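I opened my notebook and went through this structure one topic at a time. Here are my entries.

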2 protein chains.
Amino acid sequence: MGRMTALDGITRPTLVVDRARAQRNVARMAAKAAASGTRFRPHVKTHQSLEMASWYREVGVDAITVSSVSMAEQFAGDGWDDITIAFPFNPREAAALLALAAAGVRLGLIVDSLDAVRQLDASGIAADAWIDVDAGYHRTGVAADDATGVVELATAIRSAAPRLRFAGLLTHAGHTYAARSRDEVLRIHEASVAAMRRAQASLGTAGFDAPISIGDTPGCNAADAFDGIDEIRPGNFVLLDLQQLQTGTCAEDDLALAVACPVVGRYPDRDSLVVHGGSAQLSRDAADGPGGQPAYGRVVELDDADTGWHLGDPPAYVTGLAQEHGTVTGPRAALDRHPVGSLVLVVPAHACLASASIRTFVTLDGEPLDA
Amino acid sequence: MGRMTALDGITRPTLVVDRARAQRNVARMAAKAAASGTRFRPHVKTHQSLEMASWYREVGVDAITVSSVSMAEQFAGDGWDDITIAFPFNPREAAALLALAAAGVRLGLIVDSLDAVRQLDASGIAADAWIDVDAGYHRTGVAADDATGVVELATAIRSAAPRLRFAGLLTHAGHTYAARSRDEVLRIHEASVAAMRRAQASLGTAGFDAPISIGDTPGCNAADAFDGIDEIRPGNFVLLDLQQLQTGTCAEDDLALAVACPVVGRYPDRDSLVVHGGSAQLSRDAADGPGGQPAYGRVVELDDADTGWHLGDPPAYVTGLAQEHGTVTGPRAALDRHPVGSLVLVVPAHACLASASIRTFVTLDGEPLDA
């Protein structure tokens, strides 16, 4: 970026959002959910930005998902009053949850054991209680095919009515992130949805009406429709990243986030640059780099009119990280345009942690976005 | 931790510092430096805590190292007025550096190219200018054996006197972090110091007096003395972590940092717990876990009197991370003492990023420490 651009004022690692692409990603997911009659409750952990969350409101979204009580507090402070915390109920945070409920927030909480239901009941918190279901990811949740366990949990929740309301079955099929193709994502997604339906059927036999809520961006992006799914909670879909591009669940011109990194060193003997943008900013979440090595990001170049960016060609990748240093490697033609003092734009391997770490957003026009 | 402890008020992932151990680690490094007549300029990126940095003042330290201009601003705001920024000079941050210098901060800056020296000279910043030397890590720096390059850089810096003052040769032998034993650390350390001496000799021949500054904790912990080294800049040494314990450059009772993580799920069928404490808190920096898998931390247990902690036996490790979730695996005897709602204390694989991410410190007595 030798010429003047709207990003020239950037001095430190900064998140640059292509607002047009991000809003298009939002509109597309909202339309797909609407076509299936599915509630769209986006996860805001990907950006944790109040201003970006307001873009969801513009397409009719009135409920969000977060992954921590502190994130719920942040967004409740901006007027969101229907928030699912897609992280297991933590009894130690009962006081903070009681305060949110007292402030008028409709809380969705997730539980996967009778012990957790008992502790939630004892806390006195009024909430929609979802059963966290393990549909194949094996992180948290009661096994989808544990019919006895699922019915016991729903029964325990019902016994705490009306303070607890049984909301349904919720899962995060996070194993789609390990898939290496769109077809593989779809296979995992369909197996996960099928497992959720079996759990739903077990509850139906026991007299429970159990809506289904699913979460992951790879599955939500790859699926053509959400028939029979009551709610989706994707987060990453709004910004996307190198992992999703490589998996084939998004197109190059869907990539809506890049990290602007100042170039501070050039090492032509080893085909590398060093930028300010290290593990403290990009995180060690990795995609596939040259020769099967991990890549923490890939360089993009601004279009001539500065209205968007495209993948650099020949490609250059962030192949090494220290806390503040990023090492960018690539052929000379990719690196020569970036002298010391210039900015390199990097699409991160995974948008979520990069956003959570840096917290300073601007649009391609150089306008700040509220975090 | 079934009984009452000073940590009972913790509700979210929190950094717990064993102050007695940390202060002993500081005193030990200060004494070793003093015995060699070596300046001790600790790196504060490990904790970025103003209160912990004040412990350095208590042993006579009056100068620190940071890894970013924003960190320099934070510590200058607390009265530190001699700060080396051990990250390549970023011309885009010239205005912030000029402001620090104008506020009376003696700045140390590092450069490794004639281009960087020219841009630093043009910026008008008054600073101690160090030549960043590559003594084997191959991240940044002019090659230690590039005598021509080293002399050219020193000459260029001298030509910008008196605003720039040639400070000497600085390196970070970060490749000691990849070593797997104390002996291997020492071999790397000694080779790195020898390379620095060769660069020093090249400069001596050209009439330059060039002090040597070295950085890494593994080397500084493993070495018995710092003869002929003018300055050390270790950072991690104050808190230490699982990586350093496994490498053999610290003892178990030197470990001064643990992350308190609330337990939110129990999965006996797969020998695991899930805690609040994921990649957003612990980072994906890894040590060696069971069976050669990565471990992001290891569980420690409080001593009976709550005056310290010890490695859990049988061992349990953090073997999986999502953004907010940590999966702790281990034998039943290690996990059974940790019900949902309790706290697990985890020594992180790498203290620096965990501290940089969480930012909320308490001592073992439950007293907050200023970040």
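Predicted model: local features only at pLDDT ≥ 70, side-chain atom pairs only at ≥ 80, totals over all residues.

**Helix pairs in chain A**

I began with a crossing in chain A: helices H3(A) and H4(A) cross in a left-handed sense. H3(A) spans residues 69-76 and H4(A) spans residues 94-102.

I looked up the geometry next. The two axes come within 10 Å and cross at roughly 25°. Angles under 35 degrees count as roughly parallel, and H3(A) and H4(A) are therefore roughly parallel to each other.

Which residues make the contact between H3(A) and H4(A)? From H3(A) I noted A:Val69, A:Ala72, A:Glu73 and A:Ala76. From H4(A) I noted A:Ala96, A:Leu97 and A:Leu100. I sorted the residues of this contact into 6 nonpolar, no polar and 1 charged.

I turned to H1(A), residues 19-35, and its packing with H2(A). H2(A) covers residues 50-58. Their axes come within 10 Å and cross at roughly 45°. That angle makes H1(A) oblique to H2(A). I recorded this crossing as right-handed.

The H1(A) side of the contact is A:Arg19, A:Ala22, A:Gln23 and A:Val26. The H2(A) side is A:Trp55, A:Tyr56 and A:Glu58. Here the residues divide into 4 nonpolar, 1 polar and 2 charged.

**A backbone angle in chain A**

I checked phi at A:Gln48. The value is near 55°, positive in a residue other than glycine. I noted this since most residues other than glycine have a negative phi. Where does A:Gln48 lie? I found A:Gln48 in the loop between strand S2 (39-40) and helix H2 (50-58) of chain A.

**Chain B: a helix pair**

I moved on to helices H3 (residues 69-76) and H4 (residues 94-102) of chain B. They pack at an angle of about 25°, with axes 10 Å apart. H3(B) and H4(B) are therefore roughly parallel to each other. Their crossing is left-handed.

I listed the contact residues. H3(B) gives B:Val69, B:Ala72, B:Glu73 and B:Ala76. H4(B) gives B:Ala96, B:Leu97 and B:Leu100. I counted 6 nonpolar, no polar and 1 charged in this contact.

**Chain B: cis peptide bonds**

I kept in mind that most peptide bonds are trans. The bond from B:Ala161 to B:Pro162 is cis, with omega near 0°. B:Pro162 sits in the loop between helix H6 (147-158) and strand S8 (164-170) of chain B.

I also noted a cis bond joining B:Asp313 and B:Pro314, with omega about 5°. I placed B:Pro314 in the loop between strand S16 (309-311) and strand S17 (317-321) of chain B.

**How the two chains relate**

What rotation superposes chain B on chain A? I read off 180°, with 0.0 Å of shift along the axis and an RMSD of 0.0 Å. That is the relation of a two-fold axis. The same surface serves both copies, and 100% of the contact residues of chain B recur in chain A.

I then asked which residue of chain B comes closest to the rotation axis. I found B:Arg284, with its C-alpha at 2.9 Å.

**Confidence**

I ended with the predictor's scores. Chain A averages a pLDDT of 96, and 99% of the residues score at least 70.

How values were computed. Residues numbered from 1 in each chain as written. Chains lettered and ligands numbered in written order. Heavy atoms only, no water. Least-squares fit on C-alpha atoms with pLDDT ≥ 70 in both. Contact = heavy atoms within 4.5 Å. Axes fitted to C-alpha atoms, helices over the stretch in contact; angles between N-to-C directions. Helix = DSSP H or I, 4+ residues; strand = E, 2+ residues; numbered from the N terminus. Parallel < 35°, antiparallel > 145°, perpendicular 65-115°, else oblique. Left-handed = near helix turned anticlockwise from the far one by under 90°. Nonpolar A, V, L, I, M, F, W, Y, C, P; charged D, E, K, R; others polar. pLDDT = per-residue confidence, 0-100.
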